[in-house]
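This briefing goes through a protein model by topic. The notes below are meant to be read beside the sequence and the 3D view.

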Amino acid sequence: MAKLTTEELLEQFSELTLIELSEFVKAFEEKFEVTAAAPVAVAGAGGGAAAEEVEEKDSFDVILEAAGDKKIQVIKTVRELTSLGLGEAKAVVDGAPKAVLEGANKETADKAKEALEAAGATVTLK
């Protein structure tokens with residue numbers, strides 16, 4: 001028997017009815033002693049799970065989108081927020097959009113964003 005490619009398998013599955021597909025999933029779970037229910041349940045949760053993930057996020061990246069008109073002030077602020085030297089801080093500002101801080105907590109990220117915006121930069125938190 002020739003081995004089917006993933007696309008050939010998907011083509012075969014697309015021709016099944018929902019009942020036939022459900023029966024196949026049950027037989028597959030029994031044969032390989034696995035459960036397909038967990039991934040389906042996560043996918044079924046949809047937007048609710050994604051919204052919870054955003055609310056519970058405790059690590060943020062401070063991204064410098066643009067330096068604005070006061071590039072020197074922004075470079076000074078980047079140096080204050082990080083342990084970067086003058087050349088490295090300038091490279092971050094010149095390379096915008098660029099991460100200034102990565103994995104910062106909410107409070108630190110907010111303070112950094114405020115400081116950079118006060119210096120004239122455009123900043124986003126991710």
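Helix α2, residues 18-32, has 15 residues and reaches 21 Å from its first C-alpha to its last, close to the 21 Å expected at 1.5 Å a residue. Just after α2, Glu 33 takes a positive phi of about 50 degrees. The model is predicted.

**Overall make-up**

- The protein has 7 helices and 3 strands.
- Along the sequence these follow the pattern α-α-α-α-β-α-α-β-α-β.
- Of the 126 residues, 17% count as buried.
- Among contacts with a separation of 6 or more, 63% are between residues 24 or more positions apart.

**Sheet**

- Strands β2, β1 and β3 form an open sheet of 3 strands in the order β2-β1-β3, with antiparallel pairing.
- The edge strands are β2 and β3, each of which pairs on one side only.
- From one strand to the next, the twist averages 20 degrees.
- Strand β1 (residues 60-66) pairs with strand β2 (residues 98-104) in the antiparallel sense over 4 bridges.
- Within that pairing, Phe 60 of β1 stands opposite Ala 104 in β2.
- β1 also pairs with strand β3 (residues 122-125), again in the antiparallel sense and over 4 bridges.
- Leu 64 stands opposite Val 123 in β3.
- In general, the strands of a sheet pair through backbone hydrogen bonds, in either the parallel or the antiparallel sense.

**Nonpolar core**

- The largest nonpolar core has 19 residues, and those with the most contacts inside it are Val 62, Val 74, Val 78, Val 93, Val 100 and Leu 116.
- At least two residues of this core come from each of β1, α5 (71-81), α6 (86-94), β2 and α7 (106-118).
- Leaving aside residues up to four places away in sequence, Val 78 touches Leu 84, Ala 89, Val 93, Val 100 and Leu 116.

**Helix α7**

- At 1.5 Å a residue, the 13 residues of α7 should span 18 Å, and this agrees with the 18 Å between its end C-alpha atoms.
- Which residues of α7 are buried? They are Ala 109, Ala 112 and Leu 116.
- Seen down the axis of α7, the buried residues fall within an arc of 65 degrees, so they line one face of the helix.
- An α-helix has 3.6 residues a turn, so residues three or four places apart point the same way.
- Glu 107, Lys 111, Glu 114 and Ala 118 are exposed on the other side of α7.
- The cover over the buried residues of α7 includes β1, α5, β2 and β3.

**Backbone exceptions**

- Most residues other than glycine have a negative phi, and most peptide bonds are trans.
- A cis peptide bond joins Ala 96 and Pro 97, with omega at about 5 degrees.
- Where is Pro 97 found? Pro 97 lies in the loop between α6 and β2.

Note on methods: Residues are numbered from 1 along each chain as its sequence is written. This is a predicted model: local features need pLDDT of at least 70, side-chain atom pairs count only at pLDDT 80 or more; totals for chains, interfaces and linings use all residues. Side-chain values use heavy atoms; hydrogens and water are left out. Two strands pair if DSSP finds at least two bridges between them. Axes are lines fitted to C-alpha atoms, for helices over the stretch in contact, and angles run from 0 to 180 degrees between N-to-C directions. A nonpolar core is a set of buried Ala, Val, Leu, Ile, Met, Phe, Trp, Tyr and Cys residues joined through side-chain atoms within 4.5 Å. Buried means under 20% relative accessible area, exposed over 50%, partly exposed in between (1.4 Å probe, protein chains only). Contact means heavy atoms within 4.5 Å. The expected span of a helix is 1.5 Å times one less than its number of residues. The arc is that of the directions from the helix axis to the C-beta atoms.
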